Amino acid sequence: MSLRPIVLHPDPRLKKVCAPVAAITPEIGALAEDMLETMYAAPGVGLAAPQVGVLQRLFVMDCEKAPDAPPRPVVLVNPEIVWRSDALGTYEEGCLSIPEQFGEVTRPAEVALRWTGLDGKQHEEAFTGLWAVCAQHELDHLDGRLFIDHLGPIRRHMITRKMVKYKREHARP
Ligand code: NI
């Protein structure tokens, strides 16, 4: 397992529609392990493959917040939303690819997802609360959409300007 560098906005890799994962291979398993390690280290609650420069449809998340609860890592390959609630919820979102920037995004409060697990089997589960926010935010990444694309153009441009500056200041030699 190893940490992978996180791609920072603005970057063309974060704007691409990712390709379906063809098969659950050992490489996909290793990628998912690396993504979980990278996510926990950040720390974050979700990480999508394009955020580590892999343009394939998978993401990882763990929104278990209770301090005494064991971790609950979930790996979702080729995820799709099969149901959305009419009820909406608003949450102040952030993103590991857009550090130190936050914005309120309104989305369906509950969603049901279907995906392939690392076990190669189909899974289906309904998510609420932070899990629902995170699942939709990460699924957006697989379609080249960032949380700032849900904000108005002025706010989006302001955050992007700040990120250009942030990347200049944190440039890896
Ligand atoms: Ni994100």
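Residues are numbered from 1 along each chain as its sequence is written, and side-chain values use heavy atoms, with hydrogens and water left out. Since the model is predicted, local features need pLDDT of at least 70 and side-chain atom pairs count only at pLDDT 80 or more, while totals for chains, interfaces and linings use all residues.

Helices here are DSSP runs of H or I with at least four residues, strands are runs of E with at least two, and both are numbered from the N terminus. H137 counts as buried at 7% relative accessibility, and H141 is buried at 2%. Buried means under 20% relative accessible area, exposed over 50%, and partly exposed in between, using a 1.4 Å probe and protein chains only. R57, in the loop between strand 1 (46-48) and strand 2 (58-61), is buried too, at 14%. R57 and H141 are 84 residues apart in sequence, yet their C-alpha atoms are 9.0 Å apart in space.

Helix 2 itself is largely enclosed by the rest of the structure, since 13 of its 14 residues are buried. Its end C-alpha atoms are 21 Å apart, which agrees with the 20 Å that its 14 residues should span at 1.5 Å a residue; the expected span is 1.5 Å times one less than the number of residues. Just after helix 2, G144 takes a positive phi of about 70°.

Next comes the largest pocket, with about 420 Å³ of space. A pocket is an open set of points on a 1 Å grid over the protein atoms alone, where a 1.4 Å probe fits, with protein on both sides within 12 Å along at least five of seven lines; lining residues have an atom within 4 Å of a point. Grid points are joined across faces, edges and corners, and the volume is the space filled by probe spheres set on the points. The lining has 24 residues, with G44, V45, G94, C95 and L96 nearest the centre. Strand 4 (88-93) and helix 2 (129-142) are the elements giving two or more residues to this lining, and helix 2 gives the most, with 5.

In helix 3, the buried residues are I159, T160, M163 and Y166. They cover an arc of only 120° around the axis (from the directions of the C-beta atoms), which puts them on the same side of helix 3. The face turned away from that buried side carries exposed I154, R161, R168 and E169.

Finally, the backbone. Most residues other than glycine have a negative phi, and most peptide bonds are trans. N78, in strand 3 (residues 74-84), has a positive phi of about 50°, and E100, in the loop between strand 4 and strand 5, has one of about 70°. The peptide bonds from H9 to P10 and from A42 to P43 are cis.
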